[in-house]
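Try each task before reading its solution.

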Amino acid sequence: MQQLIQEKGFHYRAFTLREDDVLVHLRDFENEREFSVDYLDLGLQVYRKTEHHSRALRWLSGGVATLMLIALIASASGVEWIAPGWAFALGSVALLACLWTFLQQKPGMIYLIGGEQKLGFLQERPNADQVEDFISATIDRIKECYHQQYLHHSNDTTDEERRSRIQWLHEMKAITRAEKDVLLAELGPLRQQPIGFQRAT
């Protein structure tokens, strides 16, 4: 069983690939949950999301706090740029603002979407390579389950149903275009349905 464990602050995420599903264990400051997601309920599209709305404020407030610290050190050396009281007050506010934006910053996420359920992974916990490897392994398991479920046709499955399944698997990215063409070619040419009616003789 392949496993990925991700931790950031109070947040803990653990994903375990099992034979038929993914076991998910989530824990944060308020609650703890454990559940499983069937591979057939997951999609194969990778969606990345990183929010930067507070980054500018964090850099600005951090810069102001640094300048006020330099001003306090300079005033202690006898060079007064700004009154020490003002420098301390501005520096404290800027430092608090910097810490607040740091705590509010949401981590970058990678989502597997396209199915009934979605999985969300932290982009760089424990590191980007391990996350990418685990997502690739998950995608391979999902594709394998899709193939077993929808490509192994029963005897009573019509060619039209088989073509529809193959086309759907390609749209879901479970098979490539080349694989789709090979599978459709194995079914033979598409038979045209007669239009209208045939006169009885």
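A patch is made of residues with over 30% relative accessible area and no salt bridge, where like charges are joined within 9 Å and nonpolar side chains (Val, Leu, Ile, Met, Phe, Trp, Tyr) within 5 Å. A salt bridge is a side-chain nitrogen of Lys or Arg within 4 Å of a carboxyl oxygen of Asp or Glu. Lys and Arg count as positive and Asp and Glu as negative, while His and the chain ends are not counted. Each charge is placed at NZ of Lys, CZ of Arg, CG of Asp or CD of Glu. Accessible areas come from the Shrake-Rupley method with a 1.4 Å probe, and for residues only the protein chains shown count as cover.

The model is predicted: local features need pLDDT of at least 70, side-chain atom pairs count only at pLDDT 80 or more, and totals for chains, interfaces and linings use all residues. Residues are numbered from 1 along each chain as its sequence is written, and side-chain values use heavy atoms, leaving out hydrogens and water.

**Exercise 1. Find the patch of negative charge on the surface.**

Step 1: Look for Glu-19, Asp-20, Asp-38, Asp-140 and Glu-144, which gather there.
Step 2: Helices (H or I, at least four residues) and strands (E, at least two) are DSSP runs, numbered from the N terminus.
Step 3: Check the accessibility of Glu-19: its relative accessible area is 68%, so Glu-19 is exposed. Buried means under 20% relative accessible area, exposed over 50%, and partly exposed in between (1.4 Å probe, protein chains only).

**Exercise 2. Compare Lys-173 with Ala-174 in the loop between α4 and α5.**

Step 1: Locate Lys-173 between α4 (159–171) and α5 (177–186).
Step 2: Read the backbone: Lys-173 has a positive phi of about 70 degrees, though it is not a glycine. Most residues other than glycine have a negative phi.
Step 3: Lys-173 counts as exposed because its relative accessibility is 52%, whereas Ala-174, at 3%, counts as buried.
Step 4: List the contacts (heavy atoms within 4.5 Å) of Ala-174 beyond four places in sequence: Leu-44, Lys-143, Tyr-146, His-147, Leu-169 and Glu-179.
Step 5: Take Lys-143 from that list. Lys-143 and Ala-174 are 31 residues apart in sequence, with 5.2 Å between their C-alpha atoms.
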